[in-house]
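The following note sets out comments on the fold, taken point by point. Please read it alongside the model.

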Amino acid sequence: MKNCSGLQGIKRILCSAYCVEKPLRDTQHAIRNHSTVQIEFRSFGSYAKGGLWLTAVLILTFISLQMGCQTADSSWEQVQAAGVLRVGLDPTYPPFEVDDGGATSAGVYGLDVDLAKAIAANLGVEVQFVYFGYDGLYDALATEQVDVLISALVIIPERTRDFSYSEPYFNAGEILIVPKGNDTIETMADLSGHKLAVELGSLGHVEATEWAKRVEGLEILTFSTADEAITAVQQNNAHAALTDAISGRLFLRDNDGLKRLPESVTVEPFAFVVRSEDEQLLVMLNQSLNTVRSSGQLDQIETEWLGS
């Protein structure tokens with residue numbers, strides 16, 4: 001609901017002040033009853049000479065901006081009342097969200113799907129998945145076709161004027177992969193005199209190039225894909241590979257003899273997205289995410305889809 005009573009009260013008082021001469025102490029008292037804004041009045045004659053109408057317009061504008069017509073946040077109550085959390089996603093990004101062709105009742109599977117189900121269950125509501133192309137996700141949220149986006153979306157600071165992000169639930173940044181028996185390479189700084197495999201043109205390639213400027217003797221080997229770069233380590237043609245966490249973990253899930261170092265080289269956080277005005281819903285989503293994380297359920301979901 002919108003609250004404009006303060007603005008309408010000011011309009012009535014100013015009209016009265018202009019049409020009927022009365023002690024301005026009464027006018028000031030009335031205005032203070034309608035607004036937190038306090039105005040120091042002189043005599044009516046001197047006030048009129050100072051430009052009554054210009055001042056009135058400025059007062060009304062200020063009040064309308066500060067206290068008038070503000071929409072109350074009922075985003076969580078609306079989800080509760082409906083009993084359904086509408087989740088927007090692009091089902092073309094395995095293993096986070098994939099259209100199953102109607103094989104299941106949900107119609108989609110993946111890490112984000114399981115996480116959304118866990119969040120909804122924790123909140124005590126059902127989950128409904130609504131599909132969009134990647135380019136249409138934010139528009140769908142803005143036009144209230146969904147309540148939240150859970151679709152492997154990276155936090156984009158430029159979007160925060162219109163949208164709000166939850167706490168991150170996954171870091172898709174670059175990771176170092178080394179032979180399982182390695183005990184000398186722990187960070188990028190340890191790659192002096194070593195060969196580092198990367199996917200040509202990837203963010204890992206860019207990051208490796210920057211490190212090569214300050215790590216003496218670091219040699220960069222480029223490959224067509226992330227899998228080829230990791231295979232070079234597996235075949236002892238490189239000492240380490242720098243790749244995104246998703247590609248790296250999927251490779252390690254299906255191949256032996258390698259490991260990922262625990263500390264990510266870069267940060268690329270995935271988060272839920274809501275409309276900026278839906279602060280109440282964002283609070284509930286963050287609380288639920290923290291519960292799912294602290295219970296170990298989030299780690300279980302990650303392991304199922306990406307390996308350990």
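1. In what order do the 3 strands of the open antiparallel sheet stand? The order is 2-3-4. Strand 2 (92–93) and strand 4 (108–109) are at the edges with a single partner strand each, so one side of each lacks a neighbour in the sheet. Strand 3 (residues 97–99) runs antiparallel to strand 4 and is joined to it by 2 bridges; Val-98 stands opposite Tyr-109 of strand 4. Two strands are taken as paired if DSSP finds at least two bridges between them.

2. The model is predicted, with local features requiring pLDDT of at least 70 and side-chain atom pairs counted only at pLDDT 80 or more, whereas totals for chains, interfaces and linings use all residues. Residues are numbered from 1 along each chain as its sequence is written, and side-chain values use heavy atoms, leaving out hydrogens and water.

3. The chain contains 12 helices and 15 strands, these being DSSP runs numbered from the N terminus (helices H or I, at least four residues; strands E, at least two). Of its 308 residues, 43% are buried, that is, under 20% relative accessible area with a 1.4 Å probe and protein chains only. Among contacts (heavy atoms within 4.5 Å) between residues at least 6 apart in sequence, 70% join residues at least 24 apart.

4. An open sheet of 5 strands has the order 11-10-12-9-13 and mixed pairing. Its edge strands, strand 11 (219–223) and strand 13 (258–260), each pair on one side only. Neighbouring strands in this sheet are turned against each other by 30 degrees on average, direction ignored. Strand 10 (residues 195–199) runs parallel to strand 11 over 5 bridges, and Lys-195 has Glu-219 of strand 11 as its bridge partner. Helix 10 lies across strand 9, strand 12 (240–244) and strand 13, at about 120 degrees to strand 12.

5. Strand 1 (residues 84–89) pairs in the parallel sense with strand 5 (residues 126–131) over 6 bridges, and also in the parallel sense with strand 6 (residues 148–149) over 2 bridges. Gly-88 takes part in both pairings: Val-130 stands opposite Gly-88 in strand 5, and Leu-149 is the bridge partner of Gly-88 in strand 6.

6. Helix 5 (residues 75–82) packs against helix 11 (residues 279–294) at an angle of about 70 degrees, with the axes 6 Å apart. That makes the two helices roughly perpendicular, a term for angles of 65 to 115 degrees. Axes are lines fitted to C-alpha atoms, for helices over the stretch in contact, and angles run from 0 to 180 degrees between N-to-C directions. Ser-75, Trp-76, Glu-77 and Val-79 of helix 5 meet Glu-279, Gln-280, Leu-281 and Met-284 of helix 11. These contact residues divide into 4 nonpolar, 2 polar and 2 charged.

7. The largest nonpolar core has 50 residues, of which Tyr-169, Phe-170, Phe-272 and Leu-285 touch the most other members. Such a core is a set of buried Ala, Val, Leu, Ile, Met, Phe, Trp, Tyr and Cys residues joined through side-chain atoms within 4.5 Å. Elements giving two or more residues to this core include helix 5, strand 1, helix 10 (245–254) and helix 11; helix 6 gives the largest share, 8 residues. Beyond its neighbours within four places in sequence, Phe-170 is in contact with residues including Phe-96, Ile-246, Phe-270 and Leu-306. A second, separate core of 14 residues includes Ile-185, Val-198, Leu-218 and Leu-261.

How values were computed:
Angles under 35 degrees count as roughly parallel, over 145 as roughly antiparallel, 65 to 115 as roughly perpendicular and the rest as oblique. Ala, Val, Leu, Ile, Met, Phe, Trp, Tyr, Cys and Pro count as nonpolar, Asp, Glu, Lys and Arg as charged, and the others, Gly among them, as polar.
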